[in-house]
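Open the model in your viewer and get ready to select residues.

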Amino acid sequence: AGIHCPRVVLNRKHVLIMTLIGRQGRPAPKLKDVHMSPTKLRACYEKLKAELMTMYQECHLVHGDLSEYNVLYHDGHPWIIDVGQSVESTHPRAVEYMYRDCVNLVKFF
């Protein structure tokens with residue numbers, strides 16, 4: 001669906017190995033640790049809102065733990081991590097989790 005998130009390298013039983021988001025073996029910084037201008041901050045917020053909507057509307061997934069700790073900033077884009085823990089939009093608590101994700105993002109920005 002075009003979401004900026006790590007790609008699956010290996011999925012075997014209960015093990016999920018994802019690509020590293022970063023450079024030269026070092027992970028990109030968490031969103032909470034990135035300092036950016038108000039203009040870039042606003043753009044980052046808009047990108048995350050769009051990705052959250054795409055996850056829900058096209059992928060039928062809710063992250064469930066989205067915050068500035070589960071977003072990396074790399075190459076001018078926010079990258080959502082821990083997507084493997086997402087729940088399907090039909091999960092009994094999906095709406096509650098989506099609300100919490102939205103509140104967490106709004107609080108940060």
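Predicted model: local features only at pLDDT ≥ 70, side-chain atom pairs only at ≥ 80, totals over all residues.

Lys13 lies in the loop that links strand 1 (8-12) to strand 2 (15-18). Check its backbone: phi is near 55 degrees, a positive value in a residue that is not glycine. Is Lys13 buried or exposed? Show the surface: Lys13 has a relative accessible area of 81%, so it counts as exposed.

Next, select Gln24. Find Gln24 in the loop between strand 3 (22-23) and strand 4 (26-27). Gln24 is not a glycine, yet its phi is positive, about 50 degrees. Look at the surface again. Gln24 is exposed, with 83% relative accessibility.

Now turn to the inside. In soluble globular proteins, nonpolar side chains tend to be buried together. Which residues touch the most other members of the largest nonpolar core? Select Leu31 and Leu48: these two do, in a core of 20 residues. Then colour helix 1 (38-57), strand 6 (71-74) and helix 2 (94-108), each of which supplies at least two residues of this core.

Stay on Leu48 and display its contacts. Leaving aside residues up to four places away in sequence, Leu48 touches Leu31, Val71, Pro78, Ile80, Leu105 and Phe109. Show those side chains together with Leu48.

Definitions and conventions. Residues numbered from 1 in each chain as written. Heavy atoms only, no water. Core = buried A, V, L, I, M, F, W, Y, C linked by side-chain atoms within 4.5 Å. Buried < 20%, exposed > 50% of the residue type's maximum accessible area, 1.4 Å probe, protein only. Helix = DSSP H or I, 4+ residues; strand = E, 2+ residues; numbered from the N terminus. Contact = heavy atoms within 4.5 Å.
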